[in-house]
Amino acid sequence: MKLKKADIIKALELISAPGEGQNLVESGAVTNVQVFGDEVEVDVTIKNPSLQARKKTEVEILKIIHSEVYEKAKIKINLKVDAPAKPKVNQIKGNPIPGIQNIIAVASGKGGVGKSTVTANLAVTLAKMGFKVGLLDTDIYGPSMPIMFDVALEKPLSVNIDGKNKMKPIENYGVKILSIGFFTQPNQAVIWRGPMASKALNQMIFDAHWGELDFLLLDLPPGTGDIHLSIMQSLPVTGAVVVSTPQEIALADARKGVAMFNQEAINVPVLGIVENMAYFTPEELPNNKYHIFGKDGAKNLAEDLEVPFLGEIPLVQSIREAGDVGRPAAMQTATPTETAFEELTKNVVQELVRRNTDLPPTEAIKITTMAGCAAVKKK
């Protein structure tokens with residue numbers, strides 16, 4: 001029996017393309033049909049790569065031609081799969097969180113280098129410049145922001161947003177703040193394993209009403225561990241700022257902090273390195289600089305790693321005192337401290353603008369295997 005191509009195509013219109021809501025012909029899956037007497041050759045390209053979809057399509061083509069056209073037709077099916085290319089595992093792509101324009105992680109490889117102090121003063125300076133700023137204290141085990149912003153006794157209220165109860169961040173000095181410190185007693189130790197800490201962080205991120213923010217600063221805990229991965233899996237971090245003091249023992253850990261963000265599985269742009277406690281100037285000798293912890297250590301590290309050097313913050317007693325009383329030192333006017341933090345903040349904003357111009361937006365990383373948690377390999 002001599003078959004007709006039109007009859008074959010009409011029959012194929014009765015088969016649905018896998019997962020597309022159209023028939024094989026409408027969807028363009030049937031790319032070619034050839035008829036030679038009672039022989040039929042059908043070229044089909046589907047987008048569903050699963051074995052089940054391929055087998056189902058082949059069986060349906062055989063059945064429909066045999067039942068609707070000719071039961072003894074000899075059929076050859078050339079089936080190809082044209083699935084969209086899978087994104088690279090852990091690749092950062094780009095879906096920003098509504099209302100939050102830029103998320104900056106402030107990190108350090110080592111504790112005690114003043115990372116939280118730098119974060120608090122960076123937030124206050126951004127607010128002084130007229131930006132809308134939020135600050136998330138992600139240090140579950142050692143939250144310090146409630147004290148630094150003089151809101152240790154405050155408790156976030158619940159607000160109804162589109163039918164859902166959300167936490168309203170505490171606000172002071174123009175900065176919206178959330179911290180686990182608001183939900184624990186001052187003398188209470190948080191003794192949680194990683195999953196509990198990660199769950200608490202997710203609640204402060206996704207169950208909070210941050211509103212419109214130009215910047216959300218993340219005060220990360222020291223090191224390169226579970227909390228850091230949880231944060232970067234939950235949030236599309238725009239860029240990272242690494243804080244270090246000048247001495248070698250701190251720089252060694254700062255180097256690891258930069259390496260963490262540069263790791264292929266994470267790939268968060270490093271905006272630069274800050275050198276904290278860079279030098280000490282006695283009040284009675286304002287022209288003298290004493291490099292107690294070494295000189296230009298973080299600056300040299302930035303050059304070595306080819307990342308921007310964002311500035312140096314002096315070792316000043318008033319910065320410590322300001323943090324202890326809950327009024328960040330950057331709020332002081334016409335002082336060298338205010339100038340140092342303003343210079344740092346301007347450099348951060350400049351590097352952020354450059355990063356947003358040169359690189360695509362980011363979304364939360366997707367770590368699907370333990371390979372994403374492996375140590376950085378030296379090349």
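Student: Why is Asn276 called buried?

Tutor: Buried means a relative accessible area under 20%, exposed means over 50%, and partly exposed is the range in between, with a 1.4 Å probe and protein chains only. Asn276 has a relative accessible area of 7%, so Asn276 counts as buried. This is a predicted model, in which local features need pLDDT of at least 70 and side-chain atom pairs count only at pLDDT 80 or more, while totals for chains, interfaces and linings use all residues. Residues are numbered from 1 along each chain as its sequence is written, and side-chain values use heavy atoms, with hydrogens and water left out.

Student: Where does Asn276 lie, and which residues does Asn276 touch?

Tutor: Asn276 belongs to strand 12, residues 270-280; strands (E, at least two residues) and helices (H or I, at least four) are DSSP runs numbered from the N terminus. Leaving out residues up to four places away in sequence, the residues in contact with Asn276 (heavy atoms within 4.5 Å) include Val113, Gly114, Val118 and Val243.

Student: What makes the pair formed by Val113 and Asn276 a polar contact?

Tutor: A polar contact is a pair of N or O atoms within 3.5 Å; within protein, one must be able to donate a hydrogen and the other to accept it, and residues adjacent in sequence count only if both atoms are side-chain atoms. The backbone oxygen of Val113 is 2.8 Å from a polar atom of the Asn276 side chain.

Student: Which residues does the UniProt "binding site" annotation cover?

Tutor: According to the unreviewed UniProt entry, the annotation covers Gly109, Lys110, Gly111, Gly112, Val113, Gly114, Lys115 and Ser116. Positions follow the numbering used here, feature names are shortened, and annotations may be inferred rather than shown by experiment.

Student: Why is Gly111 called partly exposed, and why is Lys115 called buried?

Tutor: Gly111 is in the loop between strand 4 (100-107) and helix 3 (115-128), and its relative accessibility of 41% makes Gly111 partly exposed. Lys115, by contrast, is in helix 3, and its relative accessible area of 7% makes Lys115 buried. Beyond residues up to four places away in sequence, Lys115 touches, among others, Val106, Asp219, Pro222 and Val243.

Student: How do you know that the length of helix 3 agrees with its number of residues?

Tutor: The expected span of a helix is 1.5 Å times one less than its number of residues. For the 14 residues of helix 3 this should come to 20 Å, and the end C-alpha atoms are 20 Å apart, so the two values agree.

Student: Why is Gly239 called buried?

Tutor: Gly239, in strand 11 (residues 239-244), has a relative accessible area of 0%, and so Gly239 is buried. Gly239 and Pro269 are 30 residues apart in sequence, yet 4.9 Å apart in space, C-alpha to C-alpha.

Student: Where in the chain is confidence lowest, and where is it highest?

Tutor: On pLDDT, the predictor's confidence in each residue from 0 to 100, helix 6 (residues 226-234) is lowest with a mean of 64, and helix 3 is highest at 92. The chain averages 81, and 83% of its residues score at least 70. Over residues 86-95, however, pLDDT stays under 50, as it does over residues 367-379.
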